[in-house]
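Here are my notes for your first look at this entry. Keep the viewer open and follow the points in order.

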Amino acid sequence: MTDVATLVDQLEQVAAEALGAIEVAGDPAVLEAARVAYLGRKGGRLSLLMRALGTLAPEERPQVGAKANEVKARIDAALEAREAELAAAPGPGAAQMDVTLPGRQAWGGGIHPIQQVIDEIWDIFRGLGFTRARGPEVEDEWHNFVALNTSLEHPAADAADTFYLERPLLLRTHTSPVQVRTLREHAPPVRILSPGMAYRRDTTDATHLPAFAQIEGLVIDEGVSFVDFKATLAEFARRFWGPGARVRFRPSFFPFTEPSAEVDVKYQRVLPDGRTVESDWLEIMGSGMVDPAVLEQVGIDPERYTGWAFGMGPARVAMTRWGISDLRSFIENDVRFLSQFTS
């Protein structure tokens with residue numbers, strides 16, 4: 001467990017380094033680089049240091065959180081003061097500059113928050129030995145339904161009925177066909193992650209979109225058990241939401257897994273004032289052991305091989321990461337909303 005005194009000392013060191021860098025910044029570009037280096041959301045020194053809060057005992061976190069808020073306030077004040085100094089200082093060609101003209105702020109690009117989550121999830125599973133796999137978004141009924149133990153007459157197929165082009169071609173309803181194509185092309189062992197777009201005739205609302213990103217994982221090998229399945233997903237949760245994250249598995253039904261489970265997560269959140277609160281149980285994915293019928297469809301012996309699979313929506317995971325209540329906020333292209341997720 002991280003020592004409180006050590007964390008406080010490290011916060012003071014970050015403050016001293018940041019104030020020194022701000023003081024010697026000779027132009028706005030250098031000043032902005034200093035801001036990103038110390039206060040950037042993703043890789044800033046202060047942000048990285050605050051991740052250690054999760055390793056403290058609950059009674060110790062308010063002290064370190066308050067210190068972190070104080071350090072951030074000092075750095076923000078120094079940045080604002082130095083920015084004012086640079087704006088007031090005359091630069092080259094100042095005599096010829098018409099200061100009555102309105103300034104134009106340069107546009108800066110950034111990675112969309114959903115893509116940030118996809119990249120982070122991929123980094124975690126890559127570290128767990130997974131390989132990324134891709135497949136076509138225009139699929140046929142066999143890969144999208146039949147090979148996944150879902151006959152076209154089954155209610156599950158009707159519920160996931162999607163946008164047809166010219167039968168049997170359609171826009172895939174999930175990224176599971178990538179699993180089918182991988183298993184037909186590669187003999188086990190298989191350990192893949194398949195991010196991509198999926199399409200369903202869902203009504204657009206706060207938690208559903210007709211076109212959405214999805215991430216699915218698949219493991220097939222000899223001797224793979226439900227214990228391996230639970231342990232891997234629990235490790236993913238700890239790496240994504242923090243060491244205190246917990247997962248639970250609720251019985252469910254999917255045509256291509258047996259047994260099937262919905263996976264929920266509960267994790268610690270650090271509020272802006274330094275307080276730590278625990279979230280409610282939040283559903284993050286559907287999962288289960290691969291049904292033997294699916295293995296038979298792709299020519300794999302279910303008596304020899306077993307495996308597990310899961311599927312999650314990174315947009316919903318992003319909602320838990322940043323406390324967003326409406327999924328539509330991510331796709332409305334409101335720069336005022338999206339800019340808060342870039343450093």
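1. Is strand β4 mostly covered or mostly uncovered? Strand β4, residues 190–199, is mostly covered. Of its 10 residues, seven are buried. Bear in mind that this is a predicted model.

2. Next, look at the neighbours of β4. On one side is strand β1, residues 131–132. β1 and β4 pair in the parallel sense, over two bridges. Find Thr131 and look across to β4: its bridge partner there is Ile192.

3. β4 also pairs with strand β5, residues 211–221. Here the sense is antiparallel, and there are 10 bridges. For one example, find Ser194, which stands opposite Glu216 in β5.

4. Now take in the whole sheet. It is open and has seven strands. Trace them in the order β1-β4-β5-β11-β10-β7-β6. The pairing is mixed. Which strands form the edges? They are β1 and β6, the latter spanning 246–254, and each pairs on one side only.

5. Move along to strands β7 (residues 257–266) and β10 (residues 282–290). They pair in the antiparallel sense over seven bridges. Ala261 has Ser287 in β10 as its bridge partner.

6. Two helices deserve a look against this sheet. Helix α8, residues 176–185, lies across β4, β5 and β11 (306–312). Its direction is at about 35° to β5. Helix α11, residues 314–322, packs on the sheet too. α11 touches β5, β10 and β11, and its direction makes about 105° with that of β5.

7. α11 also packs with helix α5, residues 113–127. How are two packed helices described? By the angle between their axes and the distance between the axes. For α5 and α11 the angle is about 100°, and the axes are 9 Å apart. Angles from 65 to 115 degrees count as roughly perpendicular, so α5 is roughly perpendicular to α11.

8. Which residues meet in this contact? From α5 come Pro113, Ile114, Gln116, Val117, Ile118 and Glu120. From α11 come Pro314, Ala315, Val317, Ala318, Arg321 and Trp322. By class, the contact has nine nonpolar residues, one polar and two charged.

9. Finish at Val227, which is found in helix α9, residues 226–241. Is Val227 buried or exposed? Its relative accessibility is 61%, so Val227 counts as exposed; the cut-off is over 50%. Then find Thr257. Val227 and Thr257 are 30 residues apart in sequence, and their C-alpha atoms are 15 Å apart in space.

Conventions. Residues numbered from 1 in each chain as written. Predicted model: local features only at pLDDT ≥ 70, side-chain atom pairs only at ≥ 80, totals over all residues. Heavy atoms only, no water. Buried < 20%, exposed > 50% of the residue type's maximum accessible area, 1.4 Å probe, protein only. Helix = DSSP H or I, 4+ residues; strand = E, 2+ residues; numbered from the N terminus. Pairing = 2+ DSSP bridges. Contact = heavy atoms within 4.5 Å. Axes fitted to C-alpha atoms, helices over the stretch in contact; angles between N-to-C directions. Parallel < 35°, antiparallel > 145°, perpendicular 65-115°, else oblique. Nonpolar A, V, L, I, M, F, W, Y, C, P; charged D, E, K, R; others polar.
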